[in-house]
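Hi,

Here is the structure I promised to pass on. My notes follow below it.

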Amino acid sequence: MTTKDDEHRIEIIDTVTITSHANKTLLETLEAQNVEVQYHCREGFCGACRTKILSGDVDYTTDPLAFIDDDEILPCCCKPNSDITIKITP
Amino acid sequence: MKYTTFNQEKTNQLDEPMFFGKPVNVARYDQQKHSIFEKLIEKQISFFWRPEEVDVSRDRVDFQKLSDPEKHIFISNLKYQTLLDSVQGRSPNIAFLPIISLPELETWVETWSFFETIHSRSYTHILRNLFVDPSEIFEDIVDNEEIKRRATDISRYYDDLIYATQLWQTRGEGTYELDGEPYVVTMRELKKKMYLCMNSVNALEAIRFYVSFACTFAFAERELMEGNSKIIRLIARDENLHLTSTQHILNLWARGKDDPEMAEIAEECHEEAKAIFLKAVEQEKQWAEYLFQHGSMIGLNKEILCQYVEYIANQRMSAIGMGTPFDVTSNPLPWMNNYLVSDNVQVAPQESEISSYLVGQIDSSVSEDDFADFEL
């Protein structure tokens, strides 16, 4: 799959591989592709969308306040800045 | 160790643990040992709201239309939430403030408790609208066996910690007999009580509100009791933030990023802490049964509500290293999420509230590019 400069591959373990969108948070990108992710606040403070990241990196659009482990990200307030591999546990 | 409201000894707050270090002296926020609490304070303040801003007058008409089982569900939930916020409006202050050693954590606890008092005030606001005299409802909170059973479990860890702290502050470490009961006061025992208490509070913030929230939002899905639902959305947003704070405290301890002795205790008491959480889950399921004893409401029943409790419990338990003990793979009430989105919360129509608006509202960075199309 070829992507433009500001687009990255998002591989979701055991599901699909999709392409990121520069104007959308990771959560919005996943929802647009009908990938079910749990969420509550959509602002980075509740942690409901906590997701494991296995490779790659993300940039946060707002400082996440919820507790996340070193190998976890909050899709509601981040965008991939490289190709990423994530694992979604519903 | 005697508590002092202004410790005159010079302390370096960056070296103190969250709890049981030296009492806080200067309330300064320019430097923080754990910056997360400062951020939580700012976020919580940006959420400020008053119950009176929400118009609940239409709910009175809706309430009359509810069936008797639905009235039972609605009122019982309000009673239970009143109990929860009565406890939470005072207990973090009384239990934690005397033993906190960081200014940012001290202020976080005060801010947190203050918001719980807003929640309590909102229940009075809702009930005063529904009943000419809501006394009967409030009085039943201390008579109703179902509520009392929960109150016992919610307050006992706080009460234990508070009493042990009082003994330690007035008499120091030692073994005492009071009213025929033996008490062993050591720093290790105090810290254990602290750890269990924080786990009990975490379980409260994590799941104890959610059966009630689900019922409220199920009414709102049918366009009933919408004023009440608006208030509960504001409360849910605050509770999510409070939960974040207790998760941070527990994880800071467990990962040895604060008091090393607390990391040992976290390991030693892991099973006991897990049992506290699981008991709260069990009580919530029993609460769902009590709510639906006279009949269900449209869109919800006991089974689906119990599944939702397990689903939420899995998420909240895994956040603090307790794994996912329940076998629920997808959200049984997906529509709940729409009510828990922070920015959907709107108090007055002219005041569409973007919570990030109040934090750092001025963008002062100007680059040369900003003047690119500017000519004199």
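In what sense do β1(A) and strand β7 of chain A pair, and over how many bridges? They run parallel, with three bridges between β1 (residues 9-12) and β7 (residues 84-87). Bear in mind that this is a predicted model.

Chain A strands
- Ile10(A) stands opposite Ile84(A) in β7(A).
- β1(A) also pairs with β2 (residues 17-19) of chain A, here in the antiparallel sense and over three bridges.
- On that side, Ile10(A) has Ile18(A) as its bridge partner.
- β1(A) and β2(A) make a hairpin, with four residues between them. In the turn, Asp14(A) has a positive phi of about 65°.

Chain contact
- 18 residues of chain A touch 23 residues of chain B.
- The chain A side splits into nine nonpolar, four polar and five charged residues.

Core
- The largest nonpolar core has 119 residues. Cys197(B), Tyr210(B) and Val309(B) are among those with the most contacts inside it.
- Helix α9 (residues 226-254) of chain B gives the most to this core, with 11 residues.
- Beyond its neighbours within four places in sequence, Cys197(B) contacts Ala95(B), Tyr157(B), Tyr158(B) and Leu161(B).

Helix α11 of chain B
- The helix covers residues 270-291. Its 22 residues reach 32 Å from first C-alpha to last, close to the 32 Å expected.
- Its buried residues include Ile276(B), Phe277(B), Trp287(B) and Leu291(B). Gln283(B) and Glu284(B) are buried too.
- The buried residues of α11(B) pack against α3, α6, α7, α8 and α12 of chain B.

Best wishes

Note on methods:
Residues numbered from 1 in each chain as written. Chains lettered and ligands numbered in written order. Predicted model: local features only at pLDDT ≥ 70, side-chain atom pairs only at ≥ 80, totals over all residues. Helix = DSSP H or I, 4+ residues; strand = E, 2+ residues; numbered from the N terminus. Expected span 1.5 Å × (residues − 1). Buried ≥ 20, exposed ≤ 12 C-beta atoms within 10 Å, placed from the backbone. Contact = placed C-beta atoms within 7 Å. Nonpolar A, V, L, I, M, F, W, Y, C, P; charged D, E, K, R; others polar. Core = buried A, V, L, I, M, F, W, Y, C linked by C-beta atoms within 7 Å. Pairing = 2+ DSSP bridges.
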